[in-house]
Amino acid sequence: MKIGILQFELLIHGSQSLKDKRRVVKSVKDTLHREHMVAVAEVGALEIWNLAVMGLACVSRDGAYLSGMLDRITSELRSRTDAELGDVSREILDGDQLPGSTLDEEGRPLWTPAERREDADDGPASGDLETAR
């Protein structure tokens, strides 16, 4: 598993208020999610009305595919007319780089045996689907 991460700044020159900024941020988030099926969030500079710091994540089994996708997304962001692309940082992580520990900082388990997913049953039986909703 490979994880692509893109953090970028959008400079919103025409913004006069947080409402103007939110309109641009929502448009960017919706467009990127719809066209590329990526997760996008505003992650910084939340109260600055002419700057948005955003983060994007995507997952694939192929690092080259992710690299190409991040290139296309960066190119699309550069061509936007409602915001100027500022600083961009990107990273592609291998799933092996993710922390695999199930212990907290003090060495205690994160979950009790009753809370662990692999110890839980597989959920409702197919006949119980209606009652589970």
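Helices (H or I, at least four residues) and strands (E, at least two) are DSSP runs, numbered from the N terminus. The expected span of a helix is 1.5 Å times one less than its number of residues. This is a predicted model, in which local features need pLDDT of at least 70, side-chain atom pairs count only at pLDDT 80 or more, and totals for chains, interfaces and linings use all residues. Residues are numbered from 1 along each chain as its sequence is written, and side-chain values use heavy atoms, with hydrogens and water left out.

Helix α1 (residues 18-36) has 19 residues and should span 27 Å at 1.5 Å a residue; its end C-alpha atoms are 26 Å apart, which agrees. Buried (under 20% relative accessible area, 1.4 Å probe, protein chains only) residues of α1 are Lys21, Val24, Val25, Val28, Thr31, Leu32 and His36. Down the axis of α1 they fall within an arc of 135° (directions from the helix axis to the C-beta atoms), so they line one face of the helix. The face turned away from that side carries Lys19, Arg22, Arg23 and Arg34, which are exposed (over 50%). Met37 follows α1 and has a positive phi, near 55°.

Four strands form an open sheet in the order β2-β3-β1-β4, with antiparallel pairing (at least two DSSP bridges between two strands). β2 and β4 (84-94) are the edge strands, each pairing on one side only. β1 and β4 pair over nine bridges.

Angles run from 0 to 180 degrees between N-to-C directions, with axes fitted to C-alpha atoms, for helices over the stretch in contact.

| Helix | Strands touched | Angle between directions |
|---|---|---|
| α1 | β1, β2 and β3 | about 10° with β3 |
| α2 | β1, β3 and β4 | about 170° with β4 |

How values were computed: Contact = heavy atoms within 4.5 Å.
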